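Have the sequence and the coordinates open side by side for this one. We'll take a walk from the inside of the fold out to the ligands and loops.

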Amino acid sequence: MNGAVRHFLRDDDLAPHEQAEVLDLAEVMKKDRFGHRPFEGPMTVAVLFDKHSTRTRISFAVGVAELGGHPLIIETGGSQMGRGELVEDTARVLSRQVAAIVWRTFGQDRMEAMASASTVPVVNALTDLFHPCQVLADLLTVREHQGPLTGRTLTYLGDGANNMAHSYLLGGATAGMHVRIAAPVAYQPDELIVERAAEIAAGTGGSVTVLTDAAAAAAGTHVLATDTWVSMGQDGKEERAAAFAPYQVNSELAEVAAPDAIVLHCLPAYRGMEISADLLDGPRGSAVWDQAENRLHAQKALLHWLVTR
Ligand code: CP
Ligand code: NVA
């Protein structure tokens, strides 16, 4: 390392040229899957979970091993964090022994507290506010299917106030994309994040649009993305299902998108809710499985970039 330790707590922690470097590296590493081993030794990467996970757990465990390292998966409920030990004290203890800390938790403030006391890179593996590793994988998927990201339109429909919506805003704007969010009035994105995304987009040639009309947001788009209507830790399933019903990503809506539009969903998917089964399980939904695989390649590149710069 040649400077201050870098963390990836939110999508805009990578400047546009840095995000492009990580995505370029991910493409190279995907082609030469076992040829990059910055953690050879092995060095350990701690991967902590305060919430459920399938893809994130698998992709970080597999990815760290493929980088030559040892993934230490910790369910925090069984650690002293689960009994109230300070996040900062946990960071101090981990920093003396591991090469990086990856964490899935609730509040973004907790992630920032971890980074504030860590001397090794901290990576956000999902908070209530952001899911930046997922959006790196999504951008890699769009690049693979559609080529350069600059000038492409990405439309996200559904819960505009959740982590995926916020990460699409920041990550998409960083990539120079035109990001459209369509959500009910009561579930619109955080205004400060929209402002920040617009500021980034002004420098990258992208744009940010927040709407309530699903069809208007989907018209001509290159990427149709959605996510669960009930994120981890949230209540009110029925009330949410009623509010989000007009935002279901289905074959009818896909008709108004660009002819080569792809569908993205970070998974887990709830068929018949945020996405129709025929769309997800049909040809247009097939990119979702590339997207899930790309968690591995994008995160390997991110870790490599963070620890070798
Ligand atoms: N997309 C995603 O983060 O999946 P998991 O919750 O299974 O990790
Ligand atoms: N918005 C979802 C994403 C799951 C990967 C959640 O936070 O539960």
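Predicted model: local features only at pLDDT ≥ 70, side-chain atom pairs only at ≥ 80, totals over all residues.

Residues are numbered from 1 along each chain as its sequence is written, and chains are lettered from A and ligands numbered from 1 in the order in which they are written.

Let's start inside. A nonpolar core here is a set of buried Ala, Val, Leu, Ile, Met, Phe, Trp, Tyr and Cys residues joined through C-beta atoms within 7 Å. "Buried" means 20 or more other C-beta atoms within 10 Å of a residue's own, "exposed" means 12 or fewer, and "partly exposed" is in between, with C-beta atoms placed from the backbone. The largest core has 92 residues, and the members touching the most others are Val45, Ala100, Ile101, Val102, Leu169, Ala197 and Leu302. Helix α12 (residues 287-308) supplies the largest share of this core, nine residues. Helices (H or I, at least four residues) and strands (E, at least two) are DSSP runs numbered from the N terminus. Zoom in on Ala197: beyond its neighbours within four places in sequence, Ala197 is in contact with Leu169, Leu170, Ala173, Val179 and Val208, contact being C-beta atoms, placed from the backbone, within 7 Å.

Now for the strands. Five of the five residues of β3 are buried. Ala100, Val102 and Arg104 point one way from β3, and Ile101 and Trp103 point the other way.

On to the helices. In α4 (residues 108-116), Met111, Met114 and Ala115 are buried. Seen down the axis of α4, its buried residues fall within an arc of 95 degrees (taken from the directions from the helix axis to the C-beta atoms), so they line one face of the helix. Elements covering those residues include α3 (87-95), β3 (100-104) and β4 (122-124). In α5 (residues 132-146), look for Leu140. Why does Leu140 count as buried? Because Leu140 has 25 other C-beta atoms within 10 Å. Leaving out residues up to four places away in sequence, Leu140 touches Leu23, Ala26, Asn294, His297 and Ala298.

Next, the two ligands, taking a residue as near when its C-beta atom, placed from the backbone, lies within 6 Å. Ligand 1 is surrounded by Ser53, Thr54, Arg55, Thr56, Leu126, Gln134, Cys266 and Leu267. For classes, Ala, Val, Leu, Ile, Met, Phe, Trp, Tyr, Cys and Pro are nonpolar, Asp, Glu, Lys and Arg are charged, and the others, Gly among them, are polar. That gives three nonpolar, four polar and one charged for ligand 1. The shell around ligand 2 includes Leu126, His131, Asn162, Asp227 and Cys266, and divides into four nonpolar, five polar and one charged.

Finally, the backbone. Leu126, in the loop between β4 and α5, has a positive phi of about 120 degrees although it is not a glycine. Leu126 is buried, with 26 other C-beta atoms within 10 Å. Leu267, in the loop between β9 and α11, also has a positive phi, near 70 degrees, but Leu267 is partly exposed, with 17 other C-beta atoms within 10 Å. A cis peptide bond, with omega about 5 degrees, joins Leu267 and Pro268. Another cis bond runs from Gly41 to Pro42, with omega near 0 degrees, and Pro42 sits in the loop between α1 (16-31) and β1 (44-49).

Note on methods:
Contact = placed C-beta atoms within 7 Å.
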